[in-house]
Amino acid sequence: MLPEWDRKYSINNEKLDSQHQKLFELAAKVEEISDRPIYQVELKKLVAEFFSYIKVHFQDEEAYMAEIKYPYLEEHRLMHKQITKSMIKLIQSIKSTNDLKEKLYLVVNSWLIEHIIQHDMMIEHWRQSTQVKNTSDTFEEEPQKPKKFSYQCQCEGKIHKVPYDIHLKMQYSKVQFKYKECSSNLIQCKEKTEI
Ligand SMILES: [Fe+2]
């Protein structure tokens, strides 16, 4: 079951929030058709709609990241490229309506879960942390701690808190990091994001 859009996924930008909502709606549509018969023409229309909406959304989101000087713009742009590529591959490799339905669901699912919920939220998290820093003198607010990700090595029960830039390298540039004491590769823990 795919999650529904919720205020907790807001990145406090009206345009991008409404685009994310629309993408959640499109994803719900993909989920809805996954267990009912559908005409190929209807399915193709949905894929085309998804594809063109994603293109516009990525452009707008990248412009926003540039505007706020988001430090992980390049890595984020790379993820957008990967998603676009997987959509193109999907469209090119359609064997049957059922095949397309299954693959589309996979792309949409990992796109929503991994991308909007994890990576787009980092944009807002970063923006808020810089804002708090700028206003902390006036409001005496606690600056937000940078978000870290939990990784395990082979040492029993040992959890390593990894910053976002290292996490991105391990997940998206396929760079391996070893823990020097046991020389084993770090592997991400199941629960993904935490403070
Ligand atoms: Fe994004």
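Leaving aside its neighbours within four places in sequence, which residues is H20 in contact with? They are W5, Y9 and I116, where contact means that two C-beta atoms, placed from the backbone, lie within 7 Å.

Before going further, a word on what you are looking at. This is a predicted model, in which local features need pLDDT of at least 70 and side-chain atom pairs count only at pLDDT 80 or more, while totals for chains, interfaces and linings use all residues. Residues are numbered from 1 along each chain as its sequence is written.

**Around H20**

H20 is found in helix α1; helices (H or I, at least four residues) and strands (E, at least two) are DSSP runs, numbered from the N terminus. H20 is buried, with 21 other C-beta atoms within 10 Å. A residue counts as buried with 20 or more such atoms within 10 Å of its own C-beta, as exposed with 12 or fewer, and as partly exposed in between. H20 and D120 are 100 residues apart in sequence, yet 9.7 Å apart in space, C-alpha to C-alpha.

**The nonpolar cores**

I116 also belongs to the largest nonpolar core, which has nine residues in all, including L23, V30, L104 and W111. Such a core is a set of buried Ala, Val, Leu, Ile, Met, Phe, Trp, Tyr and Cys residues joined through C-beta atoms within 7 Å. Helices α1 (14–33) and α4 (97–139) each give two or more residues to this core, and α4 gives the most, with six residues. Apart from it lies another core, of five residues, among them M65, Y70, M122 and I123.

**Two pairs of elements**

| Pair | Residues | Arrangement |
|---|---|---|
| α2 and α3 | 40–67 and 73–92 | angle of about 170 degrees, axes 11 Å apart |
| β1 and β2 | 148–152 and 159–163 | antiparallel, five bridges |

Axes are lines fitted to C-alpha atoms, for helices over the stretch in contact, and angles run from 0 to 180 degrees between N-to-C directions. Helices α2 and α3 are therefore roughly antiparallel to each other, a term for angles over 145 degrees. Their contact includes F51, F58 and M65 of α2 and H80, I83 and M87 of α3.

Strands pair if DSSP finds at least two bridges between them. β1 and β2 form a hairpin with six residues between them, and G157 in the turn has a positive phi of about 75 degrees. K148 stands opposite P163 in β2. Of the five residues of β2, the number buried is zero, so this strand lies largely in the open.

Note on methods
Parallel < 35°, antiparallel > 145°, perpendicular 65-115°, else oblique.
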